[in-house]
Amino acid sequence: MSDHPEPAKPFVDLSDEAVHWDLSQSLSYGQYLHLEKLLDAQHPLSYQHDEMLFIVIHQVSELWMRLWLHELTATMDCVRRDDIGPTFKMLERISTIQQQLLQSWDVLATITPSDYSAFRNALGKASGFQSRQYRLLEFLIGNKNAELIKVFRNDPESHEELQRALRAPSLYDEVLRLLSRRGFALPPEAIDRDFSQPYRASKAVAAAWLSVYHNAEKDWDLYQLAERLTDLDYKFQLWRFAHVKTVERIIGHKRGTGGTGGVSYLTKALELKFFPELWTVRTSM
């Protein structure tokens, strides 16, 4: 045996691999993912280095929200059919997506106040406040506010989509209808209401959830659904809080580019809960 080990090869030997080198008659990775279009969507408006990071973070966040909406609409379809089993995987995936979105603030926070101020004026009035997907997520989960649609009046397609979501039952509305179908005594105003209006917490709904928790073995699927909804709400709150602190870290208490008060506006949302009875019921147990 030699005392000198064989030197590592400077490259991976592919001679015994059946690599498809000729893709002239086949769909390639780039074509499948439309990478030419995707990677040509970053167009900084300034010559500042950090504007590219700012654009990419927001575009990636929109892609994660695209997947979140995909999973959320499928979850709602299952709830309408009383087919709760598949929702557990979907809601678990949503939880993981939320974690990715939460971590994106860490990357954005590497932009210093001076870095951001160097290209902020190039944004004009563009703001995350105008994100159609974010607003659609809030409407579908249950935070309804008709006033927020006004900013989309110059985008008829987005405006109409948000109007439909505003008028339709949210995820929580569908879950409460499920509870009613399962025999829980819910008042009419909790399950047959004007869905364009914000949901108001109900003692009867809280009592129904308390019964689910006290009888978790019998109502195991409802109990598991409740815990996953609570996790969704919890992660959304963490996302909002991280958003507030990132904005405060970068621009302090300056007004946002979309016209809001910035930190003061974002802070208002920190007390919002999509599923209020799932939080209050914990005190009653």
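Is glutamine 237 buried or exposed, and what is its relative accessible area? Glutamine 237 is buried, with a relative accessible area of 16%, where buried means under 20% relative accessible area, exposed means over 50%, and partly exposed is in between, using a 1.4 Å probe and protein chains only. We will come back to this residue after a look at the whole chain.

A word on the model comes before the tour. This is a predicted model, in which local features need pLDDT of at least 70 and side-chain atom pairs count only at pLDDT 80 or more, while totals for chains, interfaces and linings use all residues. Residues are numbered from 1 along each chain as its sequence is written, and side-chain values use heavy atoms, with hydrogens and water left out.

Let us start with the overall build. The protein chain has 13 helices and 0 strands; helices (H or I, at least four residues) and strands (E, at least two) are DSSP runs, numbered from the N terminus. Its C-alpha trace spans about 75 × 55 × 45 Å along the principal axes. The radius of gyration of the protein chain is 24 Å, whereas a compact globule of 285 residues would have one near 19 Å; the radius is taken over C-alpha atoms, and the globule rule is 2.2 Å times the number of residues to the power 0.38. Of the 285 residues, 42% are buried. Among contacts with a separation of 6 or more, 71% are between residues 24 or more positions apart, a contact being heavy atoms within 4.5 Å.

Take leucine 72 as an example: beyond its neighbours within four places in sequence, leucine 72 is in contact with Ile94, Leu137, Leu140, Ile141 and Leu171.

Aromatic rings come next. A pair of aromatic rings is described by the distance of the centres and the angle of the planes. Rings of Phe, Tyr and Trp (its six-membered ring) pair if their centres lie within 6.5 Å; planes under 30 degrees apart count as stacked, over 60 as edge-to-face and the rest as tilted. The structure holds 15 aromatic pairs. In one of them, the rings of tryptophan 68 and tryptophan 239 have centres 5.7 Å apart and planes at 45°, so this pair is tilted. The pair links distant parts of the chain, since tryptophan 68 sits in helix H3 (residues 51-80) and tryptophan 239 in helix H11 (residues 220-251), 171 residues apart. Both tryptophan 68 and tryptophan 239 are buried. Ring pairs also join Trp68 and Trp239 with Tyr134, Tyr172, Tyr199, Phe236, Phe274 and Phe275 in a cluster.

Lysine 273 lies over the face of tryptophan 279, at 5.9 Å from the ring centre, and the charged end of arginine 282 sits over the ring of tryptophan 279, 5.9 Å from its centre. A charge sits over a ring if NZ of Lys or CZ of Arg is within 6 Å of the ring centre and within 35 degrees of the ring normal.

Back to helix H11, which is where glutamine 237 is placed. Setting aside residues up to four places away in sequence, glutamine 237 touches Ala269, Leu270, Glu271 and Leu272. Arginine 240 is also found in helix H11 and is buried, with a relative accessible area of 6%. A polar atom of the arginine 240 side chain lies 3.4 Å from the backbone oxygen of leucine 272.

We finish with some loops. Proline 169 lies between helix H7 (156-167) and helix H8 (171-181) and counts as buried at 17% relative accessibility. Histidine 34 lies in the loop between helix H1 (29-33) and helix H2 (35-38); its phi is near 55°, a positive value in a residue other than glycine. At 51% relative accessibility, histidine 34 counts as exposed.

Conventions:
A polar contact is a pair of N or O atoms within 3.5 Å; within protein, one must be able to donate a hydrogen and the other to accept it, and residues adjacent in sequence count only if both atoms are side-chain atoms.
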